[in-house]
Amino acid sequence: MSSPDPQVRAARNPSTSPAVRGPVVAVTGAASGIGALLTERLAASEEIKQVLAIDERRGECTSATWHVLDVRDPAIAEKLRGADVVVHLALDLDLESDPAARTAYNVRGTQTVLTAAAAAGVHRVVLCTSTMVYGALPDNELPLSEDAELRATAEATGVGDLLEIERLARRAPRAHPGLNVTVVRPSVLVGGTDTALTRYFESPRLLVVAGSRPAWQFCHVEDLCSALEYAVLERVDGELAVGCDGWLEQEEVEELSGIRRMELPSAVALGAAARLHRIGLTPSPAGDLAYTMYPWVVSGSRLHDAGWRPQWTNEEVLAELLEEVAGRRTVAGRRLGRKDATAAGAAGATVALLGTAAVVRRVRKARRRI
């Protein structure tokens, strides 16, 4: 009597079933932040064969294979050998970083990873930027298509770096035939993050520019990680926008947060923001204000068409953000600290903004008396 077919034997005895051969995935920036969350998620997935974790220090995920080095080091090519996919998350988006040093790290790091991936035979690189690259403009559609033109400028914190990373992503497949690049663009990211947009909700009043039309769309880091996993498993590719479904109007944000607004004319708000940044009182340039003035909401249709859905709503993410920032106080993008120097700087920013608001109120009262 002939022996059963191997597949029949495997079905009768599941313990002998061959393991599913998933991809070997390398994650840069794996020791902290989103990189650490994604590394843990992929290492726990039965669809992933192995995770190579790359960072300048070793992280806490014990089931990943760690390589400790700077992503700008050309030696990274050797560490990527055997990987099928690279997710590049080693970016410096710290508000307090020196802008020139930040740009040098972000751009050079991305260039090196793309070149090293091609040299190592990796077939896909996943990059992460932001929906900020679409730009916040008064004539933006609600929502924007993922194929919409990238109309942002380099006037907001880190956006110039992200636009350069997008340019490198478009150029890479031409420079390295056989290398596919997927770009994932999350909206306002929440979940242990610190950005100019999350600091907006640390202010005692929400600055609203008169005549503006803000619309808020959030993305929880857990949803970003699940979207990145979709890209890793090649369930979707191209340029992908990630965020909660829909958006919140400014009035809804104020009602949900319980934070009252401080409304200023555009020229006054932008002028004050530019002056405060120029003299070093605030980390955020005036260009950041545009993202609180005009809509930059995206549809996320590509991920939706592939079957992905966000697990968080805008209301839920806003609630988590408010819980995270509870007790923090930021004025004009400058966080109030305990040290005298920081407090003095923040106090200066407070005086400048409140003084501006007082001038506006006096002008309005004078006009009403005429």
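What share of the contacts in the protein with a separation of 6 or more comes from residues 24 or more positions apart? Such residues account for 76% of those contacts. The legends below describe close-up views of this predicted model.

**Figure 1. Overview of the predicted model.** The secondary structure comes to 12 helices and 15 strands. Of the 370 residues of the protein, 50% count as buried. The mean pLDDT is 87, and 83% of the residues reach 70 or more. Over residues 338-352, however, the pLDDT is below 50, and this stretch has 16 contacts in the model beyond near neighbours in sequence. Residues 354-360 also stay under 50 in pLDDT, and the model has 9 contacts for them beyond four places in sequence.

**Figure 2. The largest nonpolar core has 58 residues.** Leu80, Phe201, Trp216, Phe218 and Tyr291 have the most contacts inside this core. Helix 5 gives the most to the core, with 7 residues. A second, separate core has 34 residues, including Ala31, Ala231, Val236 and Val242. In soluble globular proteins, nonpolar side chains tend to be buried together. Not counting residues up to four places away in sequence, leucine 80 touches Ala26, Ile54, Val86, Val113, Ala116, Ala117, Ala120 and Val122.

**Figure 3. Helix 5 and its buried residues.** Helix 5 has 17 residues, and the distance from its first C-alpha to its last is 24 Å, close to the 24 Å expected at 1.5 Å a residue. Its buried residues are Val159, Asp161, Leu162, Leu163, Ile165, Glu166, Leu168, Ala169 and Ala172. Among the elements that cover these residues are helix 4 (99-119), strand 5 and strand 6 (180-186).

**Figure 4. Aspartate 161 is buried and has no salt bridge.** This residue is in helix 5 (residues 159-175). The nearest side chain of opposite charge belongs to arginine 102 and is 4.2 Å away. A salt bridge needs a side-chain nitrogen of Lys or Arg within 4 Å of a carboxyl oxygen of Asp or Glu, so the cut-off matters here. Leaving aside neighbours within four places in sequence, aspartate 161 is in contact with Arg102, Thr103 and Asn106.

Figure 5. The cis bond joins leucine 142 and proline 143, with omega about -5 degrees. Proline 143 lies in the loop between strand 5 (124-128) and helix 5. Arginine 151 and aspartate 139 meet in a salt bridge through their side chains (2.9 Å, N to O). Both of these residues lie in the loop between strand 5 and helix 5, so the pair ties together parts that are 12 residues apart in sequence. Arginine 151 is partly exposed at 32% relative accessibility, whereas aspartate 139 is exposed at 52%. Aspartate 147 forms a salt bridge with arginine 302, and the closest N and O atoms are 2.4 Å apart. Aspartate 147 lies in the loop between strand 5 and helix 5 and arginine 302 in helix 10 (residues 301-305), so this pair ties together parts that are 155 residues apart in sequence. The relative accessible area of aspartate 147 is 58%, and this residue is exposed. Arginine 302 is partly exposed, with a value of 25%.

**Figure 6. Aspartate 194 pairs with arginine 199 in a salt bridge.** Their side chains meet at 2.9 Å, N to O. Aspartate 194 is partly exposed at 29% relative accessibility, while arginine 199 is buried at 5%. Elsewhere, Glu251, Glu254, Arg261 and Glu263 are linked in a network of salt bridges. The count for the protein comes to 14 salt bridges.

**Figure 7. Helix 7 is largely enclosed by the rest of the structure, because 11 of its 12 residues are buried.** The buried residues include Asp223, Cys225, Glu229 and Tyr230. The end C-alpha atoms of helix 7 are 16 Å apart, which agrees with the 16 Å that its 12 residues should span. Just after helix 7, glutamate 234 takes a positive phi of about 60 degrees, although this residue is not a glycine. Most residues other than glycine have a negative phi. Glutamate 234 is found in the loop between helix 7 (221-232) and strand 11 (239-242) and is partly exposed, with a relative accessible area of 40%.

Key: Residues are numbered from 1 along each chain as its sequence is written. This is a predicted model: local features need pLDDT of at least 70, side-chain atom pairs count only at pLDDT 80 or more; totals for chains, interfaces and linings use all residues. Side-chain values use heavy atoms; hydrogens and water are left out. Helices (H or I, at least four residues) and strands (E, at least two) are DSSP runs, numbered from the N terminus. Buried means under 20% relative accessible area, exposed over 50%, partly exposed in between (1.4 Å probe, protein chains only). Lys and Arg count as positive and Asp and Glu as negative; His and the chain ends are not counted. Contact means heavy atoms within 4.5 Å. pLDDT is the predictor's confidence in each residue, from 0 to 100. A nonpolar core is a set of buried Ala, Val, Leu, Ile, Met, Phe, Trp, Tyr and Cys residues joined through side-chain atoms within 4.5 Å. The expected span of a helix is 1.5 Å times one less than its number of residues.
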